[in-house]
Amino acid sequence: MRKYALCVMFFVLLFVLLISGCMNLSNTGEIEIYLTDAVLPVSDIQKLDVTIDRILLMSDTEDASIVVTDEATAVNLLDLIGTEISFPVIQAYGTFTQIRFEISYATITVNGQEYTLEINSDSLKYPFTEPIDVNEKTVIVLDFDLSRSIKYNGSWNSSNPDPSKFRVTPVVHVRYGKLYDINGRVVNSNNEGIVHALVALFDTEEATVVASTFTHKKSNNWEDGEFRILKIKPGKYELQIFKEETYSTWDDADEIISATPDATADVQVENHDINNIEILIE
């Protein structure tokens, strides 16, 4: 989608599961589940509504699987940048091997006009690399990468897009364990915040993009140029910053792997959140 198919992450949904167990306290635990996502440039998109019908934690034992929620919930993902909402608390106990969620309906609003998105798969299954025993607090992040999930077949015209050319095949990446946030601001030489910059977090050992997001415009919750990357595993990373005039020339989101950033910063995540990183773009 050219500039509209960028790897941008982190509008955040919080699903809280309180696992209290039905035997004794030694078998109780707590799971927090987050759904994050990536999306098209915010300058052209007013709303991105997704209806989630059900979320389930699956076990190898069929009768041990649990429903996180089966109440259809419509969420505008653009309203969830750096924020969290909670779902009802449930009670359960067991070992889980995958998470599944079902999406029935999605729409995108471009310059005041709403378009229906055709969903290619409505039941999404994401296995864990190893089973999760619910006997202690565990955080699960579902990174809903809309830069790869939503496609537009043909040249993008934000004033008059063709609804038949939208396609949705949800792509979700899963993270879990001890996870921490990275907060910062991108500024110019006059200390003015730079909005709509693409902030990508690279794993320095594997040279892969772990997460990405846009910098914010000034609002009640944000200053110009602020960003937040949520729920990252401990490790060594590099933040790469791309101005809008840089990433707008890309033909595909994968160009982020080889593109030259406008600024960089090294980050080491250990056992706490990383706050107040300031990155200068000359």
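Thr107 sits in strand 6; strands (E, at least two residues) and helices (H or I, at least four) are DSSP runs, numbered from the N terminus. With a relative accessibility of 3%, Thr107 counts as buried, a term for under 20% relative accessible area, while exposed means over 50% and partly exposed in between (1.4 Å probe, protein chains only). The model is a predicted one, in which local features need pLDDT of at least 70 and side-chain atom pairs count only at pLDDT 80 or more, while totals for chains, interfaces and linings use all residues. Residues are numbered from 1 along each chain as its sequence is written, and side-chain values use heavy atoms, with hydrogens and water left out.

- Strand 6 pairs with strand 7 (residues 113–116) in the antiparallel sense, over four bridges; two strands count as paired if DSSP finds at least two bridges between them.
- Opposite Val110 stands Gln113 of strand 7.
- The hairpin of strand 6 and strand 7 has two residues between the strands, and Asn111 in this hairpin takes a positive phi near 50 degrees.

**The chain as a whole**

- Two helices and 19 strands make up the list of elements in the chain.
- The chain has 282 residues, and 53% of them count as buried.
- Among contacts with a separation of 6 or more, 72% are between residues 24 or more positions apart.
- The chain exposes about 13,100 Å², of which carbon and sulfur atoms supply 43%; the areas come from the Shrake-Rupley method with a 1.4 Å probe, and for residues only the protein chains shown count as cover.

**Nonpolar cores**

- A nonpolar core is a set of buried Ala, Val, Leu, Ile, Met, Phe, Trp, Tyr and Cys residues joined through side-chain atoms within 4.5 Å.
- The largest such core holds 32 residues, and those with the most contacts inside it are Leu57, Phe101, Ile108 and Phe128.
- Elements that give two or more residues to this core include strand 3 (45–58), strand 8 (123–133) and strand 9 (138–145).
- Strand 6 gives the most to this core, with seven residues.
- Apart from this core lies another, of 23 residues, among them Ile194, Val210, Tyr237 and Ala263.
- In soluble globular proteins, nonpolar side chains tend to be buried together.

**Phe128**

- Phe128 lies in strand 8 and counts as buried, at 8% relative accessibility.
- Setting aside residues up to four places away in sequence, Phe128 touches Leu57, Phe96, Thr97, Gln98, Ile99, Ile140, Val174 and Tyr176.
- Phe128 and Phe96 are 32 residues apart in sequence, and their C-alpha atoms are 8.2 Å apart in space.

- Four strands form an open sheet in the order 15-14-17-18, with antiparallel pairing.
- Strand 15 (208–214) and strand 18 (263–269) are the edge strands, each pairing on one side only.
- On average, neighbouring strands of this sheet are turned by 25 degrees against each other, direction ignored; axes are lines fitted to C-alpha atoms, for helices over the stretch in contact, and angles run from 0 to 180 degrees between N-to-C directions.
- Strand 17 (residues 235–242) runs antiparallel to strand 18, joined by seven bridges.
- Gln240 has Thr264 in strand 18 as its bridge partner.

**The aromatic pair**

- Rings of Phe, Tyr and Trp (its six-membered ring) pair if their centres lie within 6.5 Å; planes under 30 degrees apart count as stacked, over 60 as edge-to-face and the rest as tilted.
- By this rule there is one aromatic pair.
- Phe214 and Tyr247 form that pair, which is tilted, with 5.7 Å from centre to centre and 40 degrees between the planes.
- Phe214 is in strand 15 and Tyr247 in helix 2 (residues 244–247), so the pair ties together parts that are 33 residues apart in sequence.
- Phe214 is buried at a relative accessible area of 4%, and Tyr247 is buried at 1%.

- Most residues other than glycine have a negative phi.
- Asn191 is not a glycine, yet has a positive phi of about 65 degrees.
- Asn191 is found in the loop between strand 13 (180–187) and strand 14 (198–203) and counts as partly exposed at 45% relative accessibility.
- Asn276 also has a positive phi, near 60 degrees.
- Asn276 has its place in strand 19 (residues 274–280) and counts as exposed, at 72% relative accessibility.

Note on methods: Contact = heavy atoms within 4.5 Å.
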